[in-house]
Structures are given as structure tokens and as C-alpha cells.
Amino acid sequence: MHAFRDVVRDKLEEIGWRETEIFSSKAAELDQAKRTPNAEETTNEPHAKDAWLLDDEARHFLNDLTQRSPDWESTSSHEVARLRLIGTAVTRGGNDNFYLGNHDANLMFEYFKDADLSVQEIRALIDCGVVGFQHQNVPLWRWLLKLQDEGIWRRINLLSGGGATDTEKKNAIDILRLGSQGIPSFNEVLDKKVTIGIWLDDTTSTEVFDAAVRFLLSNADKDDLPLIEEAGARCSPHRRTKVEEAIVGILSRTSLDAALKRLVEKQVDKLDAALADALFESPQSLSTTTVLSCLSAKSDSVRLRAAKLLFERNEINLEAAETLLTDSNHEIRLVAAESLRKLGRPLDDEIAKKALRIVKTNGIFAFSTRDQTDDSYYQKYAVNRLAELDLATLKARERSAGAYDNTALLVMYSKFLSKVLDEIRGNLSDLFKGYFTEKIQAGTDGQDPESVKKSVSAVYPLFRKQLCSDALSALCRVGNSHDLHLVRTVLEKAELDADESLLSYLARFGDWSDIERINKMGESSKNRLTLLSMHDVKSPTQKAAAIFALGKDRIADMLALD
């Protein structure tokens with residue numbers, strides 16, 4: 001009985017949201033007219049204006065349309081669009097919900113954006129814009145501005161809780177989030193508590209619930225937390241975790257320590273990458289005690305960031321390092337292995353390989369396919385060991401390495417940059433073709449030259465990009481303007497990804513012609529040799545900064561770029 005009562009109440013609230021907005025202002029005005037003496041005597045119409053099904057503007061348009069010649073050619077497509085709009089604008093409880101089509105919505109914008117439209121019509125146009133918002137192909141913002149008298153966000157607030165469809169509700173919530181609006185509240189009955197209750201109810205669709213969580217994470221404030229916690233406590237365990245993520249995001253805007261403590265306490269297991277970055281964006285403001293507690297967090301991204309920060313602070317003790325070496329996340333295991341080495345307990349090579357290797361089992365049955373192994377973290381560990389060697393030893397390692405093992409070479413370019421500059425420039429001048437050919441020949445003494453040439457042609461393209469990328473990045477870190485021609489030549493001949501050093505170099509020494517080169521760079525921006533860095537480079541942001549630096553004296557031309 002109680003469950004049935006709750007369902008009925010929820011449905012009545014949903015209907016109330018929609019119908020209250022549409023008719024509340026008219027009802028109030030009509031009530032005022034009824035209480036005014038001789039109200040009907042003030043008009044020649046048989047009923048008060050506010051009792052009409054259509055507003056004046058719509059009725060005048062229809063009257064004008066019906067007074068014309070019955071000839072088909074006397075009607076235009078945009079007038080038909082408005083006729084359809086009026087049809088969608090009139091609805092009552094029990095009617096089907098329709099929205100103006102996209103093409104007609106654009107005709108309305110083209111021909112009637114400055115016309116006197118009825119409030120009903122403008123609301124219907126806003127509804128159309130909200131429903132199609134994720135596609136960005138119908139107007140919305142101008143129609144919102146048309147309702148300044150009642151508040152441009154009022155209709156969106158209404159649709160966020162009482163929209164006719166889940167798409168309408170979800171998009172309305174997203175629009176409020178993008179508009180930096182607070183939680184909708186109409187009056188003492190339809191207040192923030194009711195709104196949050198509707199959004200976070202277990203009967204709410206997943207798309208609306210997820211949109212609401214995104215909204216709360218970015219737009220709610222600390223004063224809203226009691227209401228969010230109360231509604232979240234009624235959610236299913238899966239949804240409650242998402243609500244907790246929103247609460248962590250709200251707390252992070254005022255106290256990173258409080259946010260991390262909440263995250264650990266409530267065992268939030270999944271965290272948006274942007275929020276995880278924000279929590280550790282200012283590591284100097286995080287206490288070591290709080291960061292240590294994050295090693296027990298359920299979220300992999302939080303444990304990893306905490307482990308890296310503690311490694312930098314030399315705050316991982318022997319017991320913690322040994323525990324982290326068995327973590328489910330292999331990147332955290334890498335941090336643990338490095339910590340043990342720093343503590344004077346280096347791992348045996350076989351133990352390191354076993355701890356850092358990822359074994360992937362394919363197929364349902366173990367005997368049906370071979371297991372696949374991923375040694376990338378062990379290889380990073382090995383790179384760090386190479387970086388501990390002196391130049392002479394590294395050179396010897398590089399000379400003895402085969403054509404397909406360039407790890408020692410790249411470590412040498414990174415660590416002893418000033419001492420191998422001429423070698424870097426020489427190899428970049430022919431994109432490492434000569435270097436690679438010599439390596440192939442050294443490993444195939446006595447073979448036919450044509451056979452060697454075919455071997456080089458087959459495998460060289462696979463290694464050229466990595467060699468050129470890392471060598472060019474190293475060269476750009478030197479910051480010599482005389483290398484500009486070489487840098488441009490390499491970029492034109494090889495398809496390279498964006499790199500922070502390369503972009504900074506072009507921004508400093510390049511000119512307008514380099515913008516096209518920057519645009520052509522790929523988006524992968526991870527530095528393979530900086531294995532324990534706190535953050536990856538965000539190449540789109542770096543590319544934008546470089547383009548702005550080169551185009552700041554040609555703003556109009558820069559804004560005209562794709």
C-alpha cells in the first residue's frame with residue numbers, strides 16, 4: 001500500500017511540474033479578473049482573454065491565415081512551420097507530447113526570430129531546442145532570451161524535473177549545468193529537496209540520473225550537501241556510489257583534504273578522470289597523512305596518484321611498498337618496485353618481471369587460446385635501470401643492442417643530451433635511416449646487400465616514428481634557434497605526435513607558417529622516459545597555447561582557422 005502511494009505521489013508531482021508552469025500564471029491572472037468587478041464588461045469578447053485556448057499573437061496569426069485566398073501558393077513554408085508550432089504548443093494532461101521538427105524550428109528562427117510570438121509558442125520552441133540539444137542543430141538561446149520577463153531559466157528549470165520525456169529532462173539538466181545554474185526551486189512545495197529527490201530516485205532513468213550527478217558535481221555547493229546525502233541514502237548501492245562521487249567533487253572545491261577523506265571513508269570505487277586530476281592538482285596543499293590514507297582507496301586512479309606523490313616525498317615505507325607490489329593496478333606495482341629500490345631493497349630481475357608483467361587470458365576456456373603478456377611496465381622498470389648508468393656504459397649497451405632495441409639510445413639522448421647533440425642532429429637529418437641500416441647490416445654480416453635492403457625497407461617505418469619523436473623532443477629541450485630548419489624538416493617528412501618540448505620550441509622560435517605543422521601533429525603526448533611523472537601533457541591545450549603564441553599579432557587570421 002505504501003509503495004503504491006509513493007508511486008502515485010511521484011507521478012502527480014511530475015504532472016504538477018509541467019502543468020503548474022504552463023497554467024499557473026494564467027490561473028492567477030484569471031482569478032484576479034474574476035475578483036475584479038465587471039471584469040467581463042471591459043471586453044467585447046464573450047470570455048476573458050486569459051481563458052482562451054490560444055494567446056492573442058497565435059490567434060491573430062491564425063485569423064490572418066484563414067482570411068487569405070484559398071490558393072495554395074498564397075501560403076509559405078515558414079507560415080506552415082508556425083502553424084505546426086501552434087499545434088505543438090497547445091497541450092493538456094492526457095494529450096500526446098509532440099515537438100516541432102528541426103527543419104521547421106530553423107524556419108521559425110529564420111523568419112520569426114524578431115516577431116511577436118505568444119508565450120505558448122516560445123515555450124514550444126524552447127522545448128524543441130531542449131529535446132534536440134545534444135545534436136546542436138536547432139536554435140535555443142534566442143528563445144530563452146525572449147522569456148526574460150518570467151526568467152530565462154524558468155522553463156529549463158521546469159523541464160529538468162517535469163519534462164515529458166527522459167531526453168527532455170536529461171538535456172534540460174545538462175543545459176542548467178552548462179549555464180552554471182543552481183538546483184531548481186520554484187516555491188515551498190517544489191523546492192530543492194523535491195528536485196533532488198526526483199533526480200536521484202531509483203525509478204529515474206539512468207540517463208537522467210547520470211546527468212543529475214554531473215550537475216550536482218559541478219554546480220551544487222556545500223550548503224546543498226545535506227539534501228544530496230539524504231536523497232543519496234535512499235538510492236541503490238550502485239547509484240549511491242555515483243552520488244558519493246558528486247559529494248566528493250563538491251567538497252573538493254573548498255577542501256581537497258575533506259574530499260579525499262570522504263572518498264576513502266565511503267569507498268568510492270569509480271572516479272571521473274577530470275575529478276581525480278582536480279583532487280591532486282595542488283599536491284602542496286595535501287597533507288601527507290591524508291595522502292597515505294588514499295593508499296587504501298578503492299579507486300585505482302586515486303591510489304596511483306597517491307602512490308606517485310608519496311614516492312616523490314619519500315614517504316612510502318618498506319611495509320607499504322611490499323603491500324603495493326601486489327596491487328591490482330600494475331602501474332602502482334611499478335611505483336612500489338621503484339620505492340623498494342630507493343629503500344635499498346631492489347627486486348631480483350625475475351621477481352620484478354613477474355610482479356610487473358600483465359598476463360591476459362583469451363577465450364572462455366584456458367586451453368582454447370594462448371595467454372598474452374604485456375611487458376610494458378617491466379620495460380619501464382628496465383628503462384629506469386638504464387637511466388642509472390653512466391655515458392660510457394650506456395654507449396656500450398647501445399652498440400651491442402640489436403636493430404630493434406633502441407631503448408639504450410633513447411635513454412642516452414634523454415640523460416646525456418648536451419654530450420650527444422651532434423649525434424642527434426645527424427640521425428634526425430636522415431630520419432635515422434642510416435643508423436637503422438647500419439644496425440641491420442651489423443646483425444646480418446655476409447648476407448646479400450639486396451636482402452639487407454629489403455629487411456630495412458620492411459621494418460624501418462615501424463621504428464622511425466618513435467626514434468624521431470624522442471630525438472626531436474630532446475633536441476627541442478636544448479632551445480637553440482639554429483635548429484629550427486631541422487625541426488621543420490623532420491615535421492614535414494615524419495608524422496609525429498604533439499610533444500610539450502616541441503610545441504614550446506615552435507611557440508618560441510617559430511612563426512605563422514608553423515601553425516599548420518602544429519595542427520597536423522597527432523594527439524598522443526605521453527613522455528615514455530618520464531615514467532613517474534604526476535601528470536600527462538594535455539596536448540590539445542599545449543597545441544592551443546602554441547598556436548596562440550604564434551598568432552597573437554594576427555588575431556583575426558587566427559580566429560579564421562579551422
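This is a selection-by-selection tour of the structure above.

The model is predicted: local features need pLDDT of at least 70 and side-chain atom pairs count only at pLDDT 80 or more, while totals for chains, interfaces and linings use all residues. Residues are numbered from 1 along each chain as its sequence is written, and side-chain values use heavy atoms, with hydrogens and water left out.

**Whole chain**

Start with a cartoon of everything. The chain has 30 helices and 2 strands, taken as DSSP runs numbered from the N terminus (helices H or I, at least four residues; strands E, at least two). Of its 562 residues, 43% count as buried; buried is under 20% relative accessible area, exposed over 50%, and partly exposed in between, with a 1.4 Å probe and protein chains only. A contact is a pair of heavy atoms within 4.5 Å. Among contacts in the chain with a separation of 6 or more, 65% join residues 24 or more positions apart.

**Helices H3 and H5**

Select 77-89 (H3) and 119-131 (H5). Their axes come within 9 Å and cross at roughly 90°. Axes here are lines fitted to C-alpha atoms, for helices over the stretch in contact, and angles run from 0 to 180 degrees between N-to-C directions. H3 is therefore roughly perpendicular to H5; that label covers 65 to 115 degrees, with under 35 roughly parallel, over 145 roughly antiparallel and the rest oblique. Show side chains for Arg82, Leu85, Ile86, Thr88 and Ala89 of H3, which meet Gln120, Glu121, Ala124 and Leu125 of H5.

**Helices H8 and H10**

Next take H8, residues 166-178, together with H10. The two pack at an angle of about 10°, with axes 9 Å apart, and are therefore roughly parallel. The contact includes Ile173 and Leu176 on H8, and Val208 and Phe215 on H10.

**Helix H12**

Select 237-252. This 16-residue helix reaches 23 Å from first C-alpha to last, close to the 22 Å expected at 1.5 Å a residue; the expected span is 1.5 Å times one less than the number of residues. Its buried residues include Arg239, Val243, Glu244 and Glu245.

**Nonpolar cores**

A nonpolar core is a set of buried Ala, Val, Leu, Ile, Met, Phe, Trp, Tyr and Cys residues joined through side-chain atoms within 4.5 Å. The largest has 92 residues, and those with the most contacts inside it are Ile126, Ile156, Leu200, Leu216, Leu263 and Leu279. Apart from it lies another core, of 51 residues, among them Met412, Cys468, Ala498 and Tyr505. Centre on Leu263: leaving aside neighbours within four places in sequence, Leu263 is in contact with Val248, Val268, Leu271, Leu279, Ala297 and Val302.

Leu340 is in H18, residues 330-342, and counts as buried at 4% relative accessibility. Leu318 is 22 residues away in sequence and 6.8 Å away in space, C-alpha to C-alpha. Beyond four places in sequence, the contacts of Leu340 include Leu318, Leu325 and Pro346.

Leu484 lies in H26, residues 484-493, and is buried at 13%. Which residues does Leu484 touch, not counting those up to four places away in sequence? They are Tyr505, Leu506, Phe509 and Gly510.

**Cysteines**

Finish with Cys128, buried at 4%, and Cys235, buried at 3%. The whole structure contains 0 disulfides, a disulfide being a pair of cysteine sulfur atoms within 2.5 Å.
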